[in-house]
Structure formats: structure tokens, C-alpha cells
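Visitor: I would like to learn how to read the features of a model such as this one, taking them one at a time. Could you give me the general idea first and then the case at hand?

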Amino acid sequence: MIQSETLELLEWPRLCEHLATFAATKLGAVAARSLQIPETFEETQQLLAQTKEVYQIETNLTAELSFEGIHDFGDSLERATLHGIVSGEELLAIATTLAGVRSLRRVIDSQPEVPTLHALVADLRTYPEIEKEIHHCIDERGKVADRASPKLAEIRHKMRSLRDRVYQILQGILQKQGNAIQQQLITQRGDRFVIPVKAPQKDAIPGIVHDASTTGATLYIEPNAIVGFNNQLRVLLRQEKTEEETILRALTAGVAAVAEDLERLLAIATILDLAVARSRYSFWLGGNAPQFWQRSTEQTEEPAEGEEESGEKSGEEEPGEKDSLERTQEGAGEKNRKKEANKNNSSNSRITLRQLRHPLLVWQQQHEQGPVVVPIDLGIQPHIKIVAITGPNTGGKTVALKTLGLAVLMAKAGLFVPAREPVELPWFDLVLADIGDEQSLEQSLSTFSGHIRRIGRILDAMTLDSLVLLDEVGAGTDPTEGSALAIALLQHLAARAGLTMATTHYGELKALKYQDDRFENAAVEFDDASLSPTYRLLWGIPGRSNALAIASRLGLKPEIIEEARTRVGPTGSEDINRTIAALEMQRRQQEIKAEEAAKLLQSTEELNREVSKAAESLEQRERLLRLQQERAVQEAIAEAKAEIARAIRQLQSGNPTGKDAAEATKKINAIAKEYLPSYSRPPKPKPGYRPKEGDRVRIPSLGQTAEVLEVVEENAEVTVRFGLMKMTVSLAEIESLDGLKPEQAVKSKPLAGGRKETQAEKAAPAAPPPTVRTSRNTLDLRGKRVADGEIELEQAIATQIPTGGALWIIHGKGTGKLREGVSAFLAQHPHISHYELAKSQDGGSGVTIAYLK
């Protein structure tokens, strides 16, 4: 009885009504409205597995599981087993149900990794031969078809012939006796064809009167000319009905022969529809699959009577004081070992429900324009047995109890829980609740006595794996006695129930946490600024009742509120309330900081992913460009080698002369000119920087700016001063403020034979090394505008200055605007000695090679 009361208190039937709206068949809707809570853990696991697999199928498929054509033919099946006759419409419903279930099984069999559903439909028989026979004999209107039997076809053929003959005769009478006819109409009365005749002229058409109109002005007469035909039609009609009954009886017998399999088919279709309804309802709620844990054997053992806190002995007393003392010590040691085992198993026995929402409030918000649902967080460690929720009235304490109770019931029934992952719950065999007012005038029960009677039923029914929910425990009587009773009750439940969650206003219950580690405090939050509850659940601190603030918000007269404040006066509870308020404020600030840190961390991670992605893209582009360049170099080398080989073979053929050698040399020089970059004589370099006295220079090694005091050309040294210090450094250690290095005199070195280098030899530049194109000295400007290209070109030249050499600029051919812009930019750049278009094999007019000074 207490279990059914709990379901009503938690509004479980209302949730079942919501679930029924997601069922596809009447069978599923009926099953959803009377959804039962499983009694064993294995049943729950089976239901959850079905829900998960249906959720997986409908997530992967583009179409949902279809229950089209599936009907409830249970009554028809029962009539068939009792040797009755099933009608054509009912037989057609059986046939379409067989086809619909077969289609469901085909979809399930085609899906991998759904073992529970595979096992459910593995032995399902859909009897396609019965379906085929029904469709052969029954048409789409549910009537017996002519093709059902040759005899029926013959009877109906005769009936159609007679009917045509009757129509022909009656049409003739209507035309000949038009003045006597009330209306040009052929109708029937009692399966006999008649025509409407004006009453005063009934003698004009002799026959049998079967009916008259309400006014009596029209008589429905069967002319004597068709009486014989009507009699024949009546006989044929009786024969038709007899043959139809024979056909329906044969089909009914075929259905009755497999009634047991068809009953199982209906049951499986209902199970599948209910699983689909659970899956779709869970998806609509945004729920997640729960993960259950079960207490170990040691955890579920009930404490012995001798282990109670009172220390009283029970049962027969064994003789011998020493033996009794030893047994007591052994019992205490066993109790300690169990307690230690419970602590070791605690990591697998917690409740984790983050952002948990009340499912009925979610429905109210979505379908009834209700307020926004405020989620709560439930994180209960395994050693906690009692949770005392305190806080103001209308703050959401009772809703928190109902939300937890419904979440546990939903998980047990195979539904997903509307909370964020992970959803972790212990296995509760029973959910027992005392919520609301149990006052009854008929039974002479007050509020207090009603609560006590219901709590008594809870104590009788509960086990060590039960969840107990108590609203306003100990209320309805003297506060002192009620508080003492509440404390005693909660201590009793802490040792004999899996978890108890109770709401209260008693301050004594708030202090139990600091006396017993099995107790925990929680509070519904109250906003002091708006004087209204936020409906959030805070853990670890007790709540304030805020009775005066709530009364003021609900419209009680201000003078009454002020009078109450003066009567409360300064008490210890006020100090406690102020401390609680300060803790709530501090906690709220910490939560805000935590949210800001989480957002910052998320944005940092996103930025890191974007940078990593861009770096990977650049690296991939670099590898591709390097591969293309290496391939181009290899092709150029191979082609040059082939040209040289041909020149050598031509020289070796026959008797080479000096003229032949000169021609071969000329060819090799032409090859070198084609495949090796040409260098023109660079322009005369500009004079270098020459420091003078009074100049400001930079000393990079010291990171200082100094003033030049003296320049010693012979030793290539300079005396500088910065601050109070004066020192002499070499010219190589200084530079101008704009980064120019000073020009140093180069001493002439003796050449071979003791002669000195001539002026012409000094002026002649060294031959530049051959330029090799790499990814580092290649710049791709294709698709860029001239202005953007100049910026990238300036950056590339600055990067290339330390290494010198050449810069390969890919600008493409196109209209030539980009090439002209590049040429104009290079022509005036101070670090470019000269530039030229690449050879045809290197890109021709689409590539410009710029040589740095």
C-alpha cells in the first residue's frame, strides 16, 4: 500500500500519461499508462538495454521504427479460440499486424550491436502464409472477395445478372408510367427492389406495397413483374451469406491454431512500442542513460540486534561471562571490518546527478507555457545516509525530494534521467515517501497523526536498499518534541535505510552533520536582493527559513511583519543566519569565478585548436612546396645531364677536330647558361657608414647607446662614452642608430710570387654561387592584390637579407598587373641588385627572380 501511495505522491501516473503520448500503438499507450516499476535489478537492466538499443537504432537510421499497420487484435484472438467467427475487418487487422511486426524484425535484424532486441525477436513467428491467405480472401474494405472460392464467385455472378434484369424492368416501368412515379428512383426495402409511386395512382402500377413515406403521399411498390426475380435474389443472398461464413470460419480456424504464437507476437510488439516510447521520451527530455551500482553483500547485511547503539542484548544469554565478552569483542571487530569494507567500496556507490530537472516541470514549460525549470545538482557520497534540506518555504525543498524520487523511478523503469552525464545511481529496491498533508476528517486524523501513520508504514516496508523521502519531518506538533522525534527517526533510518532525504525547519537537525558523518546538510538558495528563492540546491551548508521575508513577499501587511521582527529580537539564531548568509555570498562569488575560469579555459582551448590547425596547414603546404621544388630540380638536372651526354657523344663520334671541340664547348656553355641562373655585374656599392666624433652609435653587445669621442682609423677602433663610462671598442662592435655597420679599410694581401693585388683585381667581384630554389627563398603571390603582394614581398626580402642569394617570386601570368607591380617594387628597392624573369622550365613569365645585394 505504501508503495502505491508513494507513486501517487510523486505524481508517477502523470509522468506515465506523458510517456503514453510517445507510443505508436494503442497497445503501447495502454502499457505506458500502467507502467510498472521493476522489482529486481536484472529487470531494470533489461529495460535499460532495450531503451539504449532503440535509441541507437533511431539515431543511426534516417527513418524511425515504424509501427504502421499494427493493431490490437486480442479480443478477436480470444473469440477465435472460443470457436467464434472473426469478421473480415478483424482478420485484415491481423494480417496487417503480421506484416508490420515482420517489417520491425527486418529492421532490427539489419542493425549491428543490438543483442537485447535481437534476442527479443529471435523466435518471433509472423506466419506469412496466414497473412497471404487473409489478403487473398478479404479485400481492402474488410469484405470477403469473389476470389475467396469458386462457389462464392458463381453465386455473386448470378446475383449481378438478376440485379441487372430487375433494373432493366424497373427502368422500363419508370419510363412508361412517368405520371404515376413520384421520383425517377430505384431503391430497396428489406432487400427487395421497389420504386416510389404517387399514392393516388398506385393502381397504375400493380404490385406489393412495402413501405410509405411519412406524409403518406408516396408508396414504395414492388411491381408484380419483378417479384419472382426478387425472390431468386433473396435465395442467392442467403447462399452468399452461408458461403462467406464458411470462408470466415476457415480463416478463423487457421488463426486459432496459432493463437499462442500470435499472443506472443502482440506481447513483443507491445514491448517494442514501449521501448520506442521510452527512447523518444528520453530524447525529448534530453536525458542520459543511468549507470547503476549495487551494494556488496557486506554493505547490505542488516545490523544485528546486539549491535544497536543502546548496547542492549537480545536473544538467549549464553552461559559464561568470559565467553560472552569474547563474542562481544568478535562482534565489534566484525563491525569494524564491515565499516572499513564500506569505505573501500565507496568509490562505486555514489549518487551523481548534475543539472537534474523535474520531468513534469519540463513538460509544463514546453506544453503549458510554464516557468523555466531550474536544475539542481545532487552529489551524495556513499557514506552519507541522511540529507537534511533546509531553507525558506516555497524555496523548492519539496520539489527537490520529488525530483530525486522521480529520477530513481525513471531509471528503474528503463527511462533516461534528465540530467547531464554521468548519471550515477545506487540500486534502490523501494522508493518510499511521506510528502504532503495526510489530514483526514473522515478518519479523524490530524496532520501530525497522518504523517506518523504513513511513516510507520514506511518503517515496516523499507529495507537496507530503500530510498526514503520525508517532507517536513516532525512537523505538526510542539517544536521541541517534534525536533526530538525527528532526530530519533533520522538516526534510526541512518542505520536501516539506503538513503533518507528529509526537509525540515528545525535548527537542531542542521547540527547533526557535525556530530555524525553519515549526515549531510543542503539548502535551497535565497536571494537577499530580490527577497525571493532561486530554487538552486546548495550543498554543505544549512539554509535559513526567511519566514518574515517570504511572508512580506506574499503580501502580508508590513505592520505585522515589523511587529514580528521586534518580537524575534537579537538571538543566537540571528547570528547563525548572518553566518549562513555570508557563507552563501562567498559560495556564490566562488561559483561566478569558477564559471569565468571555465569560460576562459574553453576559449583558450578553442584558440589553441585553431592555432594548431593553422600550423598543421602551413606545414603541409611547406612539405608540398618542397616536394614540388625538389621534383623540378631533379628534372632540370636530369635534362641538363642528358644534353651534356649528347654533346659528349657527338664529340666522341668520328675523328674530333679543334672545330668540333669548340662547338661542343659552345653547346655545354649554352646548357650552363640555360640551366644555371645568370648574374649580372652588381652596381657599385654605396659608401659604408663612417662614424665621426659627436655621432650617436649603438653597441649591440652591451645594449647601450653611446657618443663617439674619437675614431682611430689605423687600428679600426673608436672611443665612446655612455653615462659616466668611457671605453674603446672596435668598429665591428658598433652600428649606426639605423642599423648600418661602419666601413672598414681592407688591407691588401700578398699574392703568389710576392706580388700585390692590382686595382682591377680588387674591383672585380667574386663569381656568385649558383642559386638553388627552395621553399625558404620562394614566395607565392598568386591571387594577391598588388598592395598585399608588396607587403609580403617586403617581409620576404627582410627575411632573406641575412642569407643573401636570390628570391623566387611566383606571380603567375594572368593579366600581367601583378608582375608589373612586382617589377616596379623591385626596381626601387635598396636591397635588390637586379631581377629577371625565370627560364621557361622554371615558370617563364609567371616567375621573377630577384637577386639581393
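Visitor: How do α4 and α11 lie relative to each other: roughly parallel or roughly perpendicular?

Guide: Axes are lines fitted to C-alpha atoms, for helices over the stretch in contact, and angles run from 0 to 180 degrees between N-to-C directions. Angles under 35 degrees count as roughly parallel, over 145 as roughly antiparallel, 65 to 115 as roughly perpendicular and the rest as oblique. Here the axes of helix α4 (residues 41-60) and α11 cross at roughly 70 degrees and come within 8 Å, and the two helices are therefore roughly perpendicular to each other. Helices (H or I, at least four residues) and strands (E, at least two) are DSSP runs, numbered from the N terminus. This is a predicted model, in which local features need pLDDT of at least 70 and side-chain atom pairs count only at pLDDT 80 or more, while totals for chains, interfaces and linings use all residues. Residues are numbered from 1 along each chain as its sequence is written, and side-chain values use heavy atoms, with hydrogens and water left out.

Visitor: Which residues make the contact between α4 and α11?

Guide: Contact means heavy atoms within 4.5 Å. On the α4 side the contact is made by L47, Q50, T51, V54, Y55 and E58, and on the α11 side by I271, A275, V276, R278, S279, R280, S282 and F283. For the classes, Ala, Val, Leu, Ile, Met, Phe, Trp, Tyr, Cys and Pro count as nonpolar, Asp, Glu, Lys and Arg as charged, and the others, Gly among them, as polar. By that scheme the contact of α4 with α11 has 7 nonpolar, 4 polar and 3 charged residues.

Visitor: At what angle do the axes of α11 and α14 cross?

Guide: The axes of helix α11 (residues 259-285) and helix α14 (residues 359-367) cross at roughly 75 degrees and come within 11 Å, so these two are roughly perpendicular to each other. Y281, W284 and L285 of α11 meet P359, V362, W363, Q366 and H367 of α14, and the residues of this contact divide into 6 nonpolar, 2 polar and no charged.

Visitor: Is V362 buried or exposed?

Guide: Buried means under 20% relative accessible area, exposed over 50%, and partly exposed in between (1.4 Å probe, protein chains only). V362, which is found in helix α14, counts as buried at 5% relative accessibility. Not counting residues up to four places away in sequence, V362 touches W284, L285, R357 and V373.

Visitor: Which residues of the largest nonpolar core touch the most other members?

Guide: In soluble globular proteins, nonpolar side chains tend to be buried together. A nonpolar core is a set of buried Ala, Val, Leu, Ile, Met, Phe, Trp, Tyr and Cys residues joined through side-chain atoms within 4.5 Å. The largest one here has 60 residues, of which W12, L353, L378, V387, L469 and M501 touch the most other members; its largest share, 9 residues, comes from helix α15 (residues 397-412). Leaving aside neighbours within four places in sequence, M501 is in contact with residues including L378, V387, L469 and W539. A second, separate core of 44 residues includes I94, I108, V255 and A259.

Visitor: In what order do the strands of the open sheet come?

Guide: Two strands pair if DSSP finds at least two bridges between them. The open sheet has 4 strands in the order β5-β9-β6-β7, with mixed pairing. β5 (290-293) and β7 (376-380) stand at the edges, each with a single partner strand, so one side of each is left without a neighbour in the sheet. The twist averages 25 degrees from one strand to the next. Strand β6 (residues 351-356) and strand β9 (residues 420-426) run antiparallel and are joined by 2 bridges.
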